[in-house]
Amino acid sequence: MLEKMDKILGPIANALSKNKVLSAIRDGFLVTVPIVIVGSIFLLVANFPIAGYPEFMAGIFGEGWDAFLGRVYGIAFDCVALLASLSIAYCYSKELKMTNNIGAAVISLVSFLIITPQTHPAFINEAENAFRGFSFGNLGTAGMFLSMIIAIISVRIFNWAFKRKLVIKLPEGVPPAVMDSFAALIPAAFVMVFFFVLNILFSKTSYEYAHNFIYEVLQAPLVGLGKNPAFEVIYQFLSTLFWFFGINGPAVTNTIFAPIHKALTLENYEAAKAGLEMTNIFTAGFSDFFCNFGGGGSTLGLVIMMAFLGKSNRIKMLGRLSLPAGIFGINEPIIFGLPIVLNPIMIIPFILTPVVNTVLAMLATMVGFMPITTGVQLPWTTPIGFSGYLVTGSFNAVIVQFALLAINMLIYYPFLKLLDKKYLDEERLQKDKEDEIDDLSFDDLSFDDL
């Protein structure tokens, strides 16, 4: 059974992980993570979830103290599509083994700005002139999927022109920076003309802009799928299933699910900023801090029991060595050391536990016991307890986290006892063999007996 599943899932995971487009999108979003996390820290400082905190800070720094913080977290969140157009193009050019990675990234950014609306007739000033410029609404969540598509297309055109030697060659002796700049001139022109024409074509349609077309046709339906209760359950199930076969599950599934998680998270941020009700449950924070504790398979409860309830030396020592890492969401020592990979005893709790966490945390949110997670994005290594409070601003979320951890321990307990007994029997058998060797004596051996 396990061999058949491995044969089916192995090629799928391998194809997804080696797909250059999906890998570029995944790695491109990872490039933006430090910026988003730092922006989230500024957002937390500006809106720390403690009663009386804003008044306390205003008493020290004066009214409007949070306006300066808003410039930092506003750029981090409201320009995520702009950043993605750069980072995804850069990563994709590296996947294609291009030499001018920076050039490819810059031309992607320019292409995104070419196709982004620059006039806004709905906004008219006192002189009755329409606002001209770029709107944060198009550079943020609403433009994210379009930025991904533009990054891929622009790099493909850029690379196509280079491969066909459509470049300006300068004589030897010219500084490399100047040579690279002129070499990129014609390929850049191809890309810019392409998106120039595309922008004109969209202006002749009912959508008017590519942003409107992509948002209505692609992004809105995908984000709508992310709001379906089955979305997060499927994500958690597939991630842990791949881990069971020794494949980094999130590295595979995030190529598809991460953009949707990010869009849902940023929608909550924008709603909160506008003073509206947040509606998206399945954000990145929900996935990271309520579905898995201690890494894939939600193994923190398992590690705690291994460290303090294990009887065999193997279980006990591995649990104690893995506990510090497990608290911060790192569980490779358990995945490969216990092991969980291809271990038929552990497959049921390993796959079941994150699914149970997802369903119960979703129900706790739907009934109003726990608030919806905000747009704050924390490092996925943030420990249990701290993470629940910081992403919701409620101690009820901490209660939910520890309740789920207790349930995780109950799910893993019978399977851990079974595995612990198996290892204990193996250790006793090994000890008996060593004792037999120690009991051997050559004192009565005589050469006369030969």
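I began with a cut-off: a residue is buried if its relative accessible area is under 20%. The model I looked at is predicted.

**Entry: Asn292**

I looked up Asn292 and found a relative accessible area of 16%, so this residue is buried. I located Asn292 in the loop between α14 (284-290) and α15 (300-309). Leaving out residues up to four places away in sequence, I listed what Asn292 touches: Gln236, Ser287, Gly297, Ser298 and Pro354. With Gln236 there is a polar contact between the two side chains, at 2.6 Å. I noted also that the Asn292 side chain reaches the backbone nitrogen of Gly297, at 3.2 Å.

**Entry: Ser298**

I turned to Ser298, one of the residues that Asn292 touches. Ser298 too is in the loop between α14 and α15. Its relative accessible area is 0%, so I wrote down Ser298 as buried. I checked the backbone as well: phi of Ser298 is positive, near 50 degrees, and the residue is not a glycine.

**Entry: Lys165**

I found a positive phi at Lys165 also, about 60 degrees, again in a residue that is not a glycine. Lys165 belongs to the loop between α8 (144-163) and α9 (176-183). Is Lys165 buried or exposed? I read a relative accessibility of 61%, and exposed means over 50%, so Lys165 is exposed.

**Entry: aromatic pairs**

I counted ring pairs with centres within 6.5 Å, and the count came to ten aromatic pairs. I looked at Phe194 and Phe195 among them: their ring centres are 5.1 Å apart and their planes stand at 90 degrees, so I recorded the pair as edge-to-face. I then checked how each partner is placed. Phe194 is partly exposed because its relative accessibility is 36%. Phe195 is buried because its relative accessibility is 1%.

I went on to Phe202 and Phe213. The ring centres of Phe202 and Phe213 are 5.5 Å apart and the planes are at 45 degrees, so this pair is tilted. I noted that the pair links distant parts of the chain, with Phe202 in helix α10 (residues 185-203) and Phe213 in helix α11 (residues 210-226), eleven residues apart. Phe202 has a relative accessibility of 15%, so I put it down as buried. Phe213 has a relative accessible area of 27%, so I put it down as partly exposed. I also found that Phe202 and Phe213 form one aromatic cluster with Tyr207.

**Entry: a charge over a ring**

I looked up Tyr423 and found Arg314 over the face of its ring, at 4.1 Å from the ring centre.

**Entry: the UniProt record**

I consulted the UniProt entry, which is unreviewed. Residues 389-415 are 93% helix and 0% strand, with end C-alpha atoms 31 Å apart.

Methods:
Residues numbered from 1 in each chain as written. Predicted model: local features only at pLDDT ≥ 70, side-chain atom pairs only at ≥ 80, totals over all residues. Heavy atoms only, no water. Phe/Tyr/Trp six-rings, centres within 6.5 Å; stacked < 30°, edge-to-face > 60°. Buried < 20%, exposed > 50% of the residue type's maximum accessible area, 1.4 Å probe, protein only. Helix = DSSP H or I, 4+ residues; strand = E, 2+ residues; numbered from the N terminus. Lys NZ or Arg CZ within 6 Å of the ring centre and 35° of its normal. Polar contact = N/O pair within 3.5 Å; in protein donor to acceptor, adjacent residues only side chain to side chain. Contact = heavy atoms within 4.5 Å. UniProt positions renumbered as here; feature names shortened; annotations may be inferred.
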